[in-house]
Amino acid sequence: MNKKVIVIGSGVAGLATAIRLQVAGYQVEIYEKGSTPGGKMNRIELGGAIHSIWGRAS
């Protein structure tokens with residue numbers, strides 16, 4: 001039996017949930033509207049510019 005779950009959003013909660021489900025044997029698909037994962041944790045403001053975990057955002 002294949003157990004499948006869709007997680008909407010790849011913020012911290014979505015990623016943590018997906019990991020736990022996958023460890024429990026579920027096949028997990030994550031859908032994210034943004035171009036990078038991380039949600040609000042993806043961005044940090046330094047010196048008046050917004051930076052992303054993945055590089056400078058703006």
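How many helices and strands are there in the protein chain? The protein chain has one helix and five strands, arranged from the N terminus as β-α-β-β-β-β. Helices (H or I, at least four residues) and strands (E, at least two) are DSSP runs, numbered from the N terminus. The model is predicted: local features need pLDDT of at least 70, side-chain atom pairs count only at pLDDT 80 or more, and totals for chains, interfaces and linings use all residues. Residues are numbered from 1 along each chain as its sequence is written, and side-chain values use heavy atoms, with hydrogens and water left out.

Confidence comes next. pLDDT is the predictor's confidence in each residue, from 0 to 100. Its average over the protein chain is 81, and 76% of the residues score at least 70. Where pLDDT is low, the predicted coordinates should not be read in detail.

Of the 58 residues in the protein chain, 17% count as buried. Buried means under 20% relative accessible area, exposed over 50%, and partly exposed in between (1.4 Å probe, protein chains only). The accessible surface of the protein chain is about 4,700 Å² (Shrake-Rupley method, 1.4 Å probe), and carbon and sulfur atoms account for 58% of this surface. Of the contacts (heavy atoms within 4.5 Å) between residues at least 6 apart in sequence, 20% join residues at least 24 apart.

Ser10 counts as buried because its relative accessibility is 4%. Beyond its neighbours within four places in sequence, Ser10 is in contact with Leu15, Ile30, Tyr31, Glu32, Thr36, Pro37, Gly38 and Gly39.

Helix 1 itself has 12 residues and spans 17 Å from first C-alpha to last, close to the 16 Å expected at 1.5 Å a residue; the expected span is 1.5 Å times one less than the number of residues. After helix 1 comes Gly25, with a positive phi near 100°.

Strand 2 (residues 27-31) contains Glu29, which is partly exposed at a relative accessible area of 37%. Leaving aside neighbours within four places in sequence, Glu29 is in contact with Val5, Ile6 and Val7. The C-alpha atoms of Glu29 and Ala18 are 8.0 Å apart, and the two residues are separated by 11 residues along the chain.

One side-chain arrangement involves a ring: the charged end of Lys3 sits over the ring of Tyr26, 4.7 Å from its centre. The criterion is NZ of Lys or CZ of Arg within 6 Å of the ring centre and within 35 degrees of the ring normal.
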